[in-house]
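Please open the structure in your viewer and keep the selection tool at hand. The stops below say what to select next and what is there.

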Amino acid sequence: MILKPIPTHVVTGFLGVGKTSFIQYLLAHKPADETWAVLVNEFGEIGIDGELLKGEGGDVAIKEVAGGCLCCAAGVPTQVAVNQLIAKARPDRLFIEPTGLGHPKAIVETLSQGHFKQVLSMRASLCLVDPRKLKDPRYLESSLFTDQLRIADLILANKMDLASSADLQQLEAYLKQQSITAEVLPVQVAQLLSEKETSLYQYLEKHYFARPTAWRISKPATSTFDSGSSLLGSRPAMPFDEADDARKLSIDEQGIYRASNRHEGRYTLGWVFDCRYEFDFEALVAWVKAQDCLRLKAVMITDEGIAAFNYVDGQLGVMELDDSLDSRLEMIADKPLSQAEIEQALLSLTKRLPI
């Protein structure tokens, strides 16, 4: 029985803006006596974010909903996934990360009505944005981009190590033009995975995590967070009970699972290679850098260990992981991709080990 409503946060933002890294940062500061849960929705059919979030230690349950369906207006996938996660984990706090191509307003509305009103306490919604994207007219013309900003109680201007003060000013001017009054906080997610500093989490806990909100909480009168300070890195989380995951992968006789998706002018291709495939790390890095796509994420078994790849805007980030049961790779593009050609190229970078 749920004795009190579970504090719940929606973390939004476009593709590649750093939502998963930000959640890793939050998990690193989870109080030791609490159980947290994370519901992740990915646009594609291959679960990558869950693989990045899970690991050793910590009372954190991770559940994935693939296929970009979490933001459906009917809300059925949302309701089912949230109910399953609550029943299994009984969390003290819940974070929901929709796909970067999803409409989060539908999620907030679904979780704010019906029986969820007695189960969940909707707290601050957080939106990450790369200020440099305001230079791209496609973002300014996107209703989805604006909708994500509109539901936010706090907007985290991420990648400030790459953005300029002029980029930040352009973001603030756009928000003013759109009558969006949420606080804007400059951060550097790249440092979240390497530094050990608690000021951002303390600021969020004080101003945004403690108070319920209908759509937006009041902006603090003054900002006590030092945006120039270092930020803390991540601590691995433990996975949701994968035996109960409704999404089963049908691995073929070659040890490969393939998936694809198309929605709102975006195309995805994804693969799962069983543990017998070992990829050449250096060759894989070179191949990823040569890809023409909007986004590529992967967790791969290589000859140099387990590596997570995050490729966006021509920039590749690589992180070492402790373990993975298989290799997973997913690409998102604004044009159709050739699954056969890409798979052949990937297989040329690997050898299949004996059982």
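**First stop: a strand end and its surroundings**

Select Thr12, which is found in strand β1 (residues 6-12); helices (H or I, at least four residues) and strands (E, at least two) are DSSP runs, numbered from the N terminus. Before going further, note that this is a predicted model, in which local features need pLDDT of at least 70 and side-chain atom pairs count only at pLDDT 80 or more, while totals for chains, interfaces and linings use all residues. Residues are numbered from 1 along each chain as its sequence is written, and side-chain values use heavy atoms, with hydrogens and water left out.

Is Thr12 buried or exposed? With a relative accessible area of 3%, Thr12 is buried, where buried means under 20% relative accessible area, exposed over 50%, and partly exposed in between (1.4 Å probe, protein chains only). Now show the residues that Thr12 touches, a contact being heavy atoms within 4.5 Å: leaving aside residues up to four places away in sequence, they are Lys19, Pro98, Pro104, Leu126, Cys127, Leu128, Gln148 and Ile151.

From there, move to Leu111, which lies in helix α4 (residues 104-111) and counts as buried at 0% relative accessibility. If you draw a distance between the C-alpha atoms of Leu111 and Thr8, you will find 9.1 Å, although 103 residues separate the two along the chain.

**Second stop: the largest nonpolar core**

Select Phe22, Leu26, Val38, Leu200, Leu204 and Phe209, which touch the most other members among the 28 residues of the largest nonpolar core. A nonpolar core is a set of buried Ala, Val, Leu, Ile, Met, Phe, Trp, Tyr and Cys residues joined through side-chain atoms within 4.5 Å. The elements that each supply at least two residues of this core are α1 (19-28), β2 (36-41), β3 (60-65), β6 (126-129), β7 (154-157), α9 (189-192) and α10 (199-209). Which of them gives the most to this core? That is α10, with six residues.

Centre the view on Leu26, which touches Trp36, Phe95, Tyr201, Leu204 and Phe209, not counting residues up to four places away in sequence. Then select the whole of α1, where 10 of the 10 residues are buried, so this helix is largely enclosed by the rest of the structure.

The centres of the Trp36 and Phe95 rings are 5.3 Å apart and their planes are at 55°, so the pair is tilted. This pair links distant parts of the chain, since Trp36 is in strand β2 and Phe95 in strand β4 (residues 93-97), 59 residues apart.

Select Phe273, Phe279, Ala307 and Met331, which are included in a second, separate core of 24 residues. The rings of Phe273 and Phe279 have centres 5.3 Å apart and planes at 75°, so this pair is edge-to-face.

Now colour strand β12 (residues 295-302), of which eight of the eight residues are buried, so the strand is largely enclosed by the rest of the structure. Both of its faces are covered, with Arg295, Lys297, Val299 and Ile301 buried on one side and Leu296, Ala298, Met300 and Thr302 buried on the other.

Two strands pair if DSSP finds at least two bridges between them. Strand β12 pairs in the antiparallel sense with strand β15 (residues 327-333) over five bridges, and Arg295 has Ile332 as its bridge partner there. It also pairs in the antiparallel sense with strand β13 (residues 305-312), over eight bridges, and these two strands form a hairpin with two residues between them.

**Last stop: a helix with two sides**

Finally, select helix α11 (residues 281-289), in which the buried residues are Phe281, Leu284, Val285, Trp287 and Val288. What covers these buried residues includes β11 (277-279), β12, β13, β14 (315-321), β15 and α12 (339-347). Turn the view to the face of α11 directed away from its buried side, and you will find the exposed residues Glu282 and Lys289.

Technical notes. Rings of Phe, Tyr and Trp (its six-membered ring) pair if their centres lie within 6.5 Å; planes under 30 degrees apart count as stacked, over 60 as edge-to-face and the rest as tilted.
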